[in-house]
Amino acid sequence: MAAALPEDLAAAIDCIQACQGRVIVSGIGKSGHIGRKIAATLASTGTPACFVHAAEASHGDLGMITSADVCLLISNSGETSELRDLVAYTRRFSIPLIAISSRNDSSLMKMADHRLLLPAAPEACSIGMAPTTSTTLALALGDALAVSLMSRRGFRPQDFSVFHPGGKLGAQMAKVEQLMHAGDAVPLVDAETDMRETLLVMTSKGFGIAGIVRSGKLVGVITDGDLRRNMDGLLDRRAIEIAKDSPVTVTPDVLAATALAKLNAHAIGALFVVDGDGAPVGVLHVHDCLRAGVV
C-alpha cells in the first residue's frame with residue numbers, strides 16, 4: 001500500500017483538515033472495530049472524531065452528524081447494507097463522504113467524494129475469507145490519515161499531553177512546572193549569606209541543595225558534595241565562595257522527561273527551575289519525577 005497509495009489520499013486529507021466539525025467514522029463487524037480505533041487515533045492526535053454505529057444510525061443516531069462534519073465509512077466489499085442510510089444522509093445534506101474499500105466499483109465507492117482504495121491482497125486466513133489482511137490495511141490507512149493530519153497541523157508533544165493526562169503517556173508528557181516545588185519550598189540564599197545560615201536552609205528544605213541568588217538571578221548552587229569538599233573553614237565562608245557558578249537548570253515549560261535526562265546525565269539529585277530571565281522559580285528532585293511515573 002505504501003508503494004501505491006490511494007489516488008484520493010491527499011484530497012481526503014485536505015477534506016478532513018478543512019472540516020469545521022468532526023470526522024464521523026462508521027463500519028460494521030470487523031470494519032467497525034477498525035473504525036473505532038481510527039476515530040480514537042484521530043481524536044487523540046488533534047482531529048476531532050467519533051464513531052457512530054451504522055445500525056444505530058438508522059434508529060436516531062444520524063442526529064449525531066451535522067453538516068459541518070465529514071463521514072469516513074469503511075466496508076471491504078463496499079456493499080454493506082447497514083451503511084446505506086448513512087450514505088443517503090450524507091448525500092441529502094451535502095456532507096463530504098470518504099470511503100475505504102477494496103472494490104473501486106462498489107456502491108459505496110461510487111457514492112463517495114473521496115475513494116481510498118485498498119490494494120488487492122488475499123486475506124491471511126486459510127480459507128481466504130476472514131477479515132485479516134483487509135482490516136490491517138484499513139487500519140494502516142487510518143493511521144496514515146491521522147499522522148498526516150498531525151504533520152499538517154504541527155501537532156506537538158505538549159498538545160498530545162492535553163489529550164493523554166492519564167497513565168504512562170500522561171507522565172511522559174508532564175511538564176516541569178507540574179512537578180516542581182515552588183514558593184517557600186525552594187532552598188535559596190543570597191550570595192553573601194554566611195555558610196551557617198546556608199546550612200540551615202539546606203537542612204530545612206530537604207533537597208540537599210541550595211541556590212545562590214544575586215540581583216534576583218540564580219548565580220550558583222551548593223550541594224552536599226560541595227560541603228564535603230570544602231570542610232576546612234566552611235563555617236567562616238560565604239555561600240558564593242562555596243557555590244558552583246554553572247548550575248544545571250531547566251525552564252518550567254520543559255518536559256519532565258527532559259529534566260530527568262539532565263539529572264541522570266549530570267548524576268545529580270535535584271536541579272533548579274528558572275524563568276526566562278534566570279530567576280529561580282522552583283526546584284525539581286529526581287524523586288518527584290519517579291513518583292509521577294516519569295522514566
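Predicted model: local features only at pLDDT ≥ 70, side-chain atom pairs only at ≥ 80, totals over all residues.
Q: What should H6 span at 1.5 Å a residue, and how far apart are its end C-alpha atoms?
A: H6 has 21 residues. At 1.5 Å a residue, they should span 30 Å. The value found agrees, because the end C-alpha atoms are 30 Å apart.

Q: Which elements do the buried residues of H6 pack against?
A: Buried residues of H6 include Leu137, Leu141, Leu145 and Leu149. An α-helix has 3.6 residues a turn, so residues three or four places apart point the same way. The buried residues of H6 pack against H1, H2, E3, E4 and strand E5 (114-117).

Q: Which element gives the most to the largest nonpolar core?
A: This core has 27 residues. Among the elements that each supply at least two of its residues are helix H2 (30-44), strand E3 (70-74) and helix H6 (133-153). With six residues, the one that gives the most is H6.

Q: Is Ser101 buried or exposed?
A: Ser101 sits in strand E4. Buried means under 20% relative accessible area. The relative accessible area of Ser101 is 0%, so this residue is buried.

Q: Which residue has its backbone oxygen 3.0 Å from a polar atom of the Ser101 side chain?
A: Ser101 touches several residues beyond four places away in sequence, including Ser75, Asn76, Met109 and Leu116. The backbone oxygen that lies 3.0 Å from a polar side-chain atom of Ser101 belongs to Ser75.

Technical notes. Residues numbered from 1 in each chain as written. Heavy atoms only, no water. Core = buried A, V, L, I, M, F, W, Y, C linked by side-chain atoms within 4.5 Å. Buried < 20%, exposed > 50% of the residue type's maximum accessible area, 1.4 Å probe, protein only. Helix = DSSP H or I, 4+ residues; strand = E, 2+ residues; numbered from the N terminus. Expected span 1.5 Å × (residues − 1). Contact = heavy atoms within 4.5 Å. Polar contact = N/O pair within 3.5 Å; in protein donor to acceptor, adjacent residues only side chain to side chain.
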